[in-house]
Amino acid sequence: MTFSIAGRCETTGMLGVAITTSSISVGARCPHARAGVGAVATQNVTDPSLAPELLDRLEAGMAAPEALDNLLRNLENSEYRQLVVVDCHGRTACHTGEKILGIHGESAGAGCYAAGNLLANKRVPEAMTGMFGSLPGVHLGERLMRSLQAGLDAGGEMGEVHSAALLVVDAQPFPLVDLRVDWEDAGAVDRLRALWRAYEPQMLDYLTRAVNPADAPSYGVPGDL
């Protein structure tokens, strides 16, 4: 019931996830990232606790394939899980359990990995990694958004998607981008795209307010001098 892409920017080292699904509030459960460490998508029958476990392994020095293999070694219910991992060096890994729902697929690209379940067809993940790879030098948030749209254009999920999320981390312990559409009757990815377009021009202003408030621009709201 979900398709996603996790990726790393080869220029900046940013890491992130773009994801969409037919259920509510995908951003609250499925995309995870840690600056300088990696990004993880947990999906299908989701266990959000698996993401910090994977990120801890990456932070301890394991590469993405090693971290995933180590986690799965004694993991109960792994047959229900679909996990996508990219580490800070762009190495990737994916697990798709034996009880994943519907048509499912995976695709590895340079510095990215896409996967999905309950898909309209198996071409969806490949369309996503293909788009990601065609956009070197583009901001990671934009690359991930275009990749998500490419998956939707390739058929997406079998049914309508209702929630979507975009998560990007850079150098700080908090996200550079954390945008979520928790529910739309139709057009959740379009709504997420609109949020990204509104947020991107202000993104660095919010970062400046956090790390160097003396140089921060005004807020442009009533009462702000």
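**Helix packing in the predicted model**

Asp-153 lies in helix H4. The model is a predicted one, and in it Asp-153 comes out as exposed, with a relative accessible area of 61%; that counts as exposed because the cut-off is over 50%. Asp-153 and Gly-220 are separated by 67 residues in sequence, and their C-alpha atoms sit 37 Å apart in space.

Helix H4 itself spans residues 140–153 and packs with helix H5, residues 188–199. The angle between the two is about 165°, and their axes are 11 Å apart. That makes H4 roughly antiparallel to H5, since angles over 145 degrees fall in that class. As for handedness, H4 and H5 cross in a left-handed sense. On the H4 side, the contact is made by Gly-141, Glu-142, Met-145, Arg-146, Leu-148, Gln-149 and Leu-152. Facing them from H5 are Val-189, Asp-190, Leu-192, Arg-193 and Trp-196. Sorted by class, the residues of this H4 and H5 contact come to six nonpolar, two polar and four charged.

Next up is the pair H1 and H2. Helix H1 covers residues 50–59 and helix H2 residues 64–72; they pack at an angle of about 130°, with axes 9 Å apart. The crossing of H1 with H2 is right-handed. H1 brings Leu-50, Glu-53, Leu-54, Arg-57 and Leu-58 to the contact, and these meet Ala-64, Ala-67, Leu-68, Asn-70 and Leu-71 of H2. The class breakdown here is seven nonpolar residues, one polar and two charged.

That leaves helix H3, residues 124–133, where the question is which way the buried residues point. Val-124, Pro-125, Met-128, Thr-129 and Phe-132 are the buried residues of H3. They share the same side of H3, because the arc they cover around the axis is only 130°. Glu-126 and Gly-133, by contrast, are exposed on the other side of H3. What do the buried residues of H3 pack against? Their partners are strand S1 (2–8), strand S7 (105–109), strand S8 (112–117) and helix H4.

Definitions and conventions
Residues numbered from 1 in each chain as written. Predicted model: local features only at pLDDT ≥ 70, side-chain atom pairs only at ≥ 80, totals over all residues. Heavy atoms only, no water. Axes fitted to C-alpha atoms, helices over the stretch in contact; angles between N-to-C directions. Helix = DSSP H or I, 4+ residues; strand = E, 2+ residues; numbered from the N terminus. Left-handed = near helix turned anticlockwise from the far one by under 90°. Contact = heavy atoms within 4.5 Å. Nonpolar A, V, L, I, M, F, W, Y, C, P; charged D, E, K, R; others polar. Parallel < 35°, antiparallel > 145°, perpendicular 65-115°, else oblique. Buried < 20%, exposed > 50% of the residue type's maximum accessible area, 1.4 Å probe, protein only. Arc of directions from axis to C-beta.
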